[in-house]
Structure formats: structure tokens, C-alpha cells
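Visitor: Can you walk me through this one? I'd like the details, one residue or element at a time.

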Amino acid sequence: MHEVISANIKRIQKFLGFTKNYFIRHNPIKAMIDGTVASIKDILTIRKKQKLVKYRLNYQIGKLKQMEKLIAANNDHVFLRGRKFNETR
């Protein structure tokens, strides 16, 4: 009986040692604090990020319109240039 109790106590001690080492390597409190700080930084810089996204979007829209103009100017299709269609009539 004494051996069984001592074996169980040793198992509990090993388990507590593993648990302690896990918490030392992967500190959940520190991870939670780091996550909270990162979230607060994201919230505080959301306006700057929004302005940057708007600028990039407007830039891409401008480039798209410029490409559409170039394609329409160099394309002989009827739906893009009605003048040629009227001349052939």
C-alpha cells in the first residue's frame, strides 16, 4: 500500500513539474498581454491604415481607367468607336 501511494505521489510530482515547465515556456498571461497590446495598437492606427488603403484603391482605379482609355483608343470594335460604324453606313 505504501509503495502505491509513493508511486502516485511521484506521478503527481512529475505532472506538476511538466506543467510548471510548460507554463515557463509558453506563458499564457504574457501571450494574453501581448495580444491585447497588439489589438490596442491596431485600433489606434486604424485611421492611418484606412487612408493608406483608400490611396492604394484610388491609385489602382486610376490605372484601370487609364488602361481602359488606351484599349478603347486602339480598338476598332463598333461598341467602342461608333464613328467608324457611321462612316461605313
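Guide: Start with Asn 27. Asn 27 is partly exposed, because its relative accessibility is 37%, and the model is a predicted one.

Visitor: Where does Asn 27 sit?

Guide: In a loop. That loop lies between α1 (2-25) and α2 (28-44).

Visitor: And which end of α2 does Asn 27 cap?

Guide: Asn 27 caps the N-terminal end of α2. A side-chain oxygen of Asn 27 lies 3.3 Å from the backbone nitrogen of Ile 29.

Visitor: OK, zoom out. How many helices and strands does the protein have?

Guide: Four helices and zero strands. Read from the N terminus, the order is α-α-α-α.

Visitor: What span should α1 have, and how far apart are its ends?

Guide: At 1.5 Å a residue, α1 should span 34 Å. The end C-alpha atoms of α1 are 35 Å apart, which agrees.

Visitor: Same check for α2: what should its 17 residues span?

Guide: They should span 24 Å. The end C-alpha atoms of α2 are 24 Å apart, so expectation and model agree.

Visitor: Which residues form the nonpolar patch on the surface?

Guide: Met 1, Ile 5 and Ile 9. Together they have about 350 Å² of accessible area.

Visitor: Those numbers step by four. Why would residues spaced like that point the same way?

Guide: An α-helix has 3.6 residues a turn, so residues three or four places apart point the same way.

Visitor: Which helix holds Ile 9?

Guide: Ile 9 is in helix α1. Ile 9 is partly exposed, because its relative accessible area is 43%.

Visitor: Switching to rings. How many aromatic pairs are there?

Guide: The count is one aromatic pair. The partners are Tyr 22 and Phe 23, with ring centres 5.8 Å apart.

Visitor: Why is the pair called edge-to-face?

Guide: Because the planes of the two rings are at 75°, and over 60 degrees counts as edge-to-face.

Visitor: Are Tyr 22 and Phe 23 buried or partly exposed?

Guide: Tyr 22 is partly exposed, at 44% relative accessibility. Phe 23 is partly exposed too, with a relative accessible area of 44%.

Visitor: Now charges. How many salt bridges does the structure hold?

Guide: One. The side chains of Asp 42 and Lys 49 meet in a salt bridge, with 3.1 Å from N to O.

Methods
Residues are numbered from 1 along each chain as its sequence is written. This is a predicted model: local features need pLDDT of at least 70, side-chain atom pairs count only at pLDDT 80 or more; totals for chains, interfaces and linings use all residues. Side-chain values use heavy atoms; hydrogens and water are left out. Helices (H or I, at least four residues) and strands (E, at least two) are DSSP runs, numbered from the N terminus. Buried means under 20% relative accessible area, exposed over 50%, partly exposed in between (1.4 Å probe, protein chains only). Patches are made of residues with over 30% relative accessible area and no salt bridge: like charges are joined within 9 Å, nonpolar side chains (Val, Leu, Ile, Met, Phe, Trp, Tyr) within 5 Å. Accessible areas come from the Shrake-Rupley method with a 1.4 Å probe; for residues, only the protein chains shown count as cover. A salt bridge is a side-chain nitrogen of Lys or Arg within 4 Å of a carboxyl oxygen of Asp or Glu. Rings of Phe, Tyr and Trp (its six-membered ring) pair if their centres lie within 6.5 Å; planes under 30 degrees apart count as stacked, over 60 as edge-to-face and the rest as tilted. The expected span of a helix is 1.5 Å times one less than its number of residues. A polar contact is a pair of N or O atoms within 3.5 Å; within protein, one must be able to donate a hydrogen and the other to accept it, and residues adjacent in sequence count only if both atoms are side-chain atoms.
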